[in-house]
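Open the model in a viewer and keep the selection tool at hand. The stops below follow one another through the fold.

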Amino acid sequence: MPHLLHLDSSADLATSRSRAITAAFADAWTARGAGHTVTHRDLHRDQLPHFATNEQHWPAADRLPTADVPAEQDALTATLQAEILAADVVVVGAPLYNYTVPSTLKVWLDHMHVPGALAGEGSQPLAGRHAVVVSSRGGTYDAGSPTEDWDHGVPVLQIILGNSLGMTVHVVQTSATLADRLPDLAGLKDRSVAELEAATAAAQELARTL
């Protein structure tokens, strides 16, 4: 049965656009039939612990002899990796916080990016599967603008999910999400609404076709 791993990381539980778009994706996915199943992990509500030691970035066989990794943390890594391995498609809600991914999402990425497990040449069991990154950004980062290169959220997801894990990454993006809140962005309200509508439609189409 086709299975979706649905991840959210926004700290906004009421008006988050990344949450709204990932939910639209999940709804379109399950609408394809009872066989299209979903596992939902909310990385904000159920926050993962940071690594206790740098040795957790390595598989057990490659750790230093003096490494002292708590067994429960290795068990958690195994659980999280099993979740993504069970998925045919992953949708990741990734709002841009201070120009990068939320810290809750970064911790999840740490559990994924373990050489010899899911990542690295010869160790990419997820190669060819699809990851949909839903990026919501308070401001704008248009080509040719002063902030063009300030988005460090999407690139890290493309590198880890795409280059390291071998997944095919699709980016769905909506910008100017703070146009209703910040006076300096008030002139972008129409663009904000249009991008949200377009991103939602794009996510739904991907959910129906991947």
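Select α4 (154–164) and colour its buried residues, which are V154, L157, I160, L161, G162 and S164; buried means under 20% relative accessible area, exposed over 50%, and partly exposed in between (1.4 Å probe, protein chains only). These buried residues pack against β3, α3, β4 and β5. Helices (H or I, at least four residues) and strands (E, at least two) are DSSP runs, numbered from the N terminus. This is a predicted model, in which local features need pLDDT of at least 70 and side-chain atom pairs count only at pLDDT 80 or more, while totals for chains, interfaces and linings use all residues. Residues are numbered from 1 along each chain as its sequence is written, and side-chain values use heavy atoms, with hydrogens and water left out.

Stay on α4 and pick L161. Leaving aside neighbours within four places in sequence, L161 is in contact (heavy atoms within 4.5 Å) with V92, W108, A131, V133, G166, M167 and V169. Just after α4, G166 takes a positive phi of about 80°.

Next, show the sheet under the helix. α4 lies across β3, β4 and β5, and runs at about 160° to β5; axes are lines fitted to C-alpha atoms, for helices over the stretch in contact, and angles run from 0 to 180 degrees between N-to-C directions. Helix α5 (residues 189–209) also packs on the sheet, where α5 touches β4 and β5 and its direction makes about 155° with that of β5.

Now hide the helices and select the strands. Five of them form an open sheet with parallel pairing, in the order β2-β1-β3-β4-β5; two strands pair if DSSP finds at least two bridges between them. β2 (37–42) and β5 (168–174) are at the edges with a single partner strand each, so one side of each has no neighbour in the sheet. From one strand to the next the twist averages 15°. Zoom in on β4 and β5, which run parallel and are joined by seven bridges. V133 stands opposite V171 in β5.

Which residues have the most contacts inside the largest nonpolar core? They are I84, W108, L161 and L165, in a core of 27 residues. A nonpolar core is a set of buried Ala, Val, Leu, Ile, Met, Phe, Trp, Tyr and Cys residues joined through side-chain atoms within 4.5 Å. The largest share of this core, five residues, comes from α3. A second, separate core has 15 residues, among them L4, I21, V134 and A199.

Bring back two helices, α2 (residues 71–85) and α3 (residues 103–112), which pack at an angle of about 90° with their axes 9 Å apart. α2 is therefore roughly perpendicular to α3, a term for angles of 65 to 115 degrees. Select Q73, L76, T77, L80, Q81 and I84 on α2, with W108, H111 and M112 on α3, to show the contact.

Finish at T53, in the loop between β2 and α2. T53 counts as buried because its relative accessibility is 18%. Not counting residues up to four places away in sequence, T53 touches D68 and V69. The C-alpha atoms of T53 and D68 are separated by 7.7 Å, and the two residues are 15 residues apart along the chain.

How values were computed. Parallel < 35°, antiparallel > 145°, perpendicular 65-115°, else oblique.
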